[in-house]
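Here's a quick briefing to read alongside the sequence and the 3D view. Have both open and follow along as you go.

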Amino acid sequence: MKPKIQVLVCEPSDIVREGLRSLLDEDEFVLQAPMREVPADMAQRISRQQPDILILNPTLLNTPPRMQLVSIQQARMSMAVVALVYEYVEPSLLSQFKTVLDIREKGNRVAQLLRECCQPEMEDEEGYELSERETEVLVLLAKGCSSKEIADKLNISIHTVNTHRKNITRKTGIKSVAGLAVYAMLHNLVVG
Amino acid sequence: MIGRFFTSRMKMADVVATNHTLILAMPRFGIPLGFGERSVQEICAQYGLPVDFVLLIFNVYTFDDYLPDEDGLMRTDFSPLVPYLEASHRYYLNERLPHIERHLLHVAGSAGERYGSILKHFFEDYRKEVVEHFDSEERDVFPYLESLMNGGRAERPVSEHFADNHTDLVDKLGDLTQILYKYIPCEGFAEELNELVFAIMQLSADLEKHALIEEKILLPYIQQLERRQEG
């Protein structure tokens, strides 16, 4: 049997937390003791409890929210941090999350969404080094290829290319194609 | 929500103490420092600015979760919006980017030919992109807004000129800082590199707010005017 997915919920509303619990099957998900706010020792708690998924209401992050999010993520790199959103949150902050769970999401989609967001992490625990495939994708990006062209060249689907791109960005911290091109040059992967 | 955001009766000095980066927005309104004990309301009256509009900008600039409501937008006097945005553009182009360029050229000079040329190249491309983005807004979006404000009808510019492009401008600055402190060997010029990284981060934070102002104020306002015209 597959190990159950450990879920930690950080959300102030009892209604929302209980609603979430009722949507997740106990045979598949274990809900750890929930939090109503982000405690000062969040990082320690995460390294102790080892959740696979952290469902976090972004409005609970203190200023500067991005920095706090980074320190939470660093407590457990393989953990998927999911934004639980029901009001406006800055897109630049949202983009730092693994995925977004909108409060209006259909009930039957919630478990699926959580399942998807912890899958790649469970397979791939190699940390920050780019895999061979990711390096290939990076080089083609740096040379100016589109995702479609890369998919054709490497004989993989666009979806897979995009997953590689996401992983490259997660590992290097670099988002733009221009930035990735510089990264490739500095690492002698392409000629400048 | 009332009580959490800036109001017209607060002292301007308290507002700036809450968020010191608002000092950067003052020249764009034509407000000089030296507030004394005067309130936001009094300062705005002194410089002939609609206080609702100024507060709107201050609040978006400061509180991530602040979202002006539609009625509020309706009542606000938007006459200083385009001058404000244009002044922001001038500030980025004529002050911040040259400032960053000076630091960057210095770092590029110390980092050796290979790194230097890669950095200069990246920055030049970036500057071009910023200029192009601002130009397209000033050429297409602002005149369109002004014609709507005057009750005229004009063709809507293609939406790609609107706020969405900003994310890319902000992302690239983030990338540049990552590259600078992760991959450039900085022996002997670490201080210069730090200065550069901080200058870029400051611009990046400011551009992010600028994007929010366009996203939360400019766009909804244009949409409101368009609806009013259709209706």
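## A loop to start with

A:Asn155 sits in the loop that links helix 7 (147-154) and helix 8 (158-172) of chain A. Helices (H or I, at least four residues) and strands (E, at least two) are DSSP runs, numbered from the N terminus. This is a predicted model, where local features need pLDDT of at least 70, side-chain atom pairs count only at pLDDT 80 or more, and totals for chains, interfaces and linings use all residues. Residues are numbered from 1 along each chain as its sequence is written, while chains are lettered from A and ligands numbered from 1 in the order in which they are written.

**Two asparagines with positive phi**

- Most residues other than glycine have a negative phi.
- A:Asn155 has a positive phi, near 60 degrees.
- Because A:Asn155 has 7 C-beta neighbours inside 10 Å, it counts as exposed. The cut-offs go by other C-beta atoms within 10 Å of a residue's own, placed from the backbone: 20 or more is buried, 12 or fewer is exposed, and in between is partly exposed.
- A:Asn188 is another non-glycine residue with a positive phi, near 55 degrees, and you'll find it in the segment after helix 9 (177-186) of chain A.
- A:Asn188 has 8 C-beta neighbours inside 10 Å, so it counts as exposed.

**Chain A overall**

- Chain A has nine helices and five strands, in the order β-α-β-α-β-α-β-α-β-α-α-α-α-α from the N terminus.
- Of the 192 residues in chain A, 28% are buried.
- Take the contacts in chain A with a separation of 6 or more: 64% of them are between residues 24 or more positions apart. Here, a contact means that the C-beta atoms of two residues, placed from the backbone, lie within 7 Å.
- Strand 3 (residues 53-56) and strand 4 of chain A run parallel and are joined by four bridges. Two strands pair if DSSP finds at least two bridges between them.
- A:Ile55 has A:Val82 in strand 4 of chain A as its bridge partner.
- Strand 4 (residues 80-85) of chain A is mostly covered, with five of its six residues buried.

**Chain B overall**

- Chain B has nine helices and zero strands.
- Of the 231 residues in chain B, 24% are buried.
- Residues 24 or more positions apart make up 73% of the chain B contacts with a separation of 6 or more.

**A helix pair in chain B**

- How do helix 6 and helix 9 of chain B cross, and at what angle? The axes of helix 6 (residues 81-110) and helix 9 (residues 190-230) come within 10 Å and cross at roughly 160 degrees. Axes are lines fitted to C-alpha atoms, for helices over the stretch in contact, and angles run from 0 to 180 degrees between N-to-C directions.
- Helix 6 and helix 9 of chain B are therefore roughly antiparallel (the word applies to angles over 145 degrees).
- Residues that meet here include B:Tyr92 and B:His99 in helix 6 of chain B, and B:Leu196 and B:Leu203 in helix 9 of chain B.

**Where the chains touch**

- 19 residues of chain B are in contact with 17 residues of chain A.
- On the chain B side, helix 7 (113-149), helix 8 (166-183) and helix 9 each supply at least two residues.
- Helix 8 of chain B gives the most to that side, with eleven residues.

Notes
Parallel < 35°, antiparallel > 145°, perpendicular 65-115°, else oblique.
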